[in-house]
Amino acid sequence: MNIRKLKDIIAGRLILASAIFSGLLVFIIAAVLYSRSISILSAKSLSELFLGITWLPSQGEFGFYQFILGTIYVTALAMVFAIPLGTLSAIYLAEYAHESMRSKILPLIDMLAGIPPVVYGMFGVLIIVPLVADIARVSGKLGIPGLTAGSYSTGFSLLAGSVVLAIMIFPIIISISYEVLRSVPSEVREASLSLGATRWQTIKHAVIRTALPGLAAAVILGFSRAFGETIAVLMVAGIALNNIPSSVFDAVYPLPALIALNYGEMMSIPLYDSALLLAALILMAIILIFTLTARLILIRMGGAHG
Amino acid sequence: MDRLLEEKFFKLLMLLSLAIVVGSLFMVVTVIVWKGAPVMTISMLTQTSKGGYYLGGTEGGILNAIVGSLYLGFGSMFLALMISLPAALALQKDYIGRTKAAYYIRLSLDILWGIPSIVYGAFGFIVMLYFGVKASLLGGIIVLTLLQMPIMIRAMDEVIRLVPQELKEASYTLGATKLETTAAVVVRQALPGILTAVLLGFGRGIGDAASILLTVNYTDNLPGSLLDSAASLPLAVFFLLSMPSPEVQQRAYASALVLLIIVLALSITSRYLSRRFMKNIIR
């Protein structure tokens, strides 16, 4: 066997090994997190962990309820802003915009997708938080439940967190939705237009219907990103322990923030480390399910991201 | 509703949405520049922070954060490239691309892409604990490598897939082995895309805060070795912004602007690279 063949075989094995490692990494991370969460899972019942409302590690109380609820609140409200704005923008870019406008806006959105979360967080602290504090003062007088702060609102709140998250996930939702809409065959549009439908009717009845699974996938990917976002939310969401928000102007304490803020002291209290790693595992499991769903949809649609 | 009126209404609604989206993204950039530009002085960029930020030390700049971030960014980019390029090449049809395994590896990378950086941080933290490594540059570089891997591999995979099969076959016909074909034809053809993927990974790595919060921590000093803790730009923004003294907050503004400039420069560079190298590519 000559040296060239030998090199070829060795290199083949090596690149295969790196591909396999990269494919297994997700399982390695899950296994390691699980192995460290076992001790709290065996010490406490699941209902105690997920429905317990008090978090007092020094007393051995590990109730995740407020953090899970906090994450769901802040993400859900972010989606309320991001879904309509993101999807409508993507439809405009894909269906109405001129090529010249598209070629300016799409690269811009791509570029902005790369801005680090901490920068969005700083924007939130400087602009969104004071704005929310002002809004809270006005809407507090109206007395609508959910829009009246439980106590004086500093602006560091559920609302501020979700606005920052929404801005962060605009680029994700728009770029994936755009790709999906562009992959709808033009025959679909032509058939509808030739029957005398207006452009909007065509979009509403033909294009969106065809692209719906893909648009859903774009939303799910945006959702997963928001769900796991740590730093940007942490900077603006207020973070109050053992407090369930009663309005959008109250502070929230999402799950990722719990991990970020407590890892330093977690070795000193029994089960504390295990509880925090369980938090990471929960986060990973939820996001894994969502991303997997979205990716399978996109693969089935045969889109560019499949 | 009259259908032409409906058309007008929704068109207006869409334009409004786009204006809000683009406007808010513009506003983010404007605010960062507006806050950061006035405090960008030479001493801000060439001095380390002095006196401990938590003690109210107001002297000095953000050199420690810039240096730390460059170490972290380049170190992790290099390591991630070492794993990602071979992995992406293995996903070619000539190797395992046709198998079910390639499908599952791609899927698992897509999932990995979505996993939040705080989870990587927690994972890195326990692994480091297991090996007895304390919060250090090394730990951060490894965690950021893992964070960048799925991004780099999937981005490289997309461009490597586009290399025409005929081109590879031409190389095989001349007697080249798979390795020779891959190195001389595929990598060369896909080079602009590979570089773009690397820059994409670098941008993600240098801007991430949650993962290095747990694995590198933060310090005012410059790192002397891989096992030292280090400062970084994202964590400088995160920690210093909440400090009471305005001088210290200014360092946060400066750090955010430097970070923004780095990320935008990366994006522009990769756009330029792909356009420039595209000329030499056979399609």
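Reader: What does the accessible surface of chain B come to?

Author: This is a predicted model, in which local features need pLDDT of at least 70, side-chain atom pairs count only at pLDDT 80 or more, and totals for chains, interfaces and linings use all residues. Residues are numbered from 1 along each chain as written, chains are lettered from A in the order written, and side-chain values use heavy atoms, without hydrogens and water. Accessible areas come from the Shrake-Rupley method with a 1.4 Å probe, and only the protein chains shown count as cover for residues. Carbon and sulfur atoms hold 68% of the accessible surface of chain B, which comes to about 12400 Å².

Reader: How many helices are there in chain B?

Author: Helices are DSSP runs of H or I with at least four residues, and strands are runs of E with at least two, numbered from the N terminus. Chain B has 0 strands, and its helices number 11.

Reader: What area is buried between chain A and chain B?

Author: Buried area is the accessible area (1.4 Å probe) that two parts lose on being put together, summed over both. Carbon and sulfur atoms give 81% of it here, and the total is about 7300 Å².

Reader: Which side chain of chain B meets A:R4 in a salt bridge?

Author: A salt bridge needs a side-chain nitrogen of Lys or Arg within 4 Å of a carboxyl oxygen of Asp or Glu. The rule finds 2 across this interface. In one of them, at 2.8 Å from N to O, the partner of A:R4 is B:E180.

Reader: Which helix of chain A gives the most to the side that touches chain B?

Author: The helix in question spans residues 3-43 and gives 20 residues. That helix is α1.
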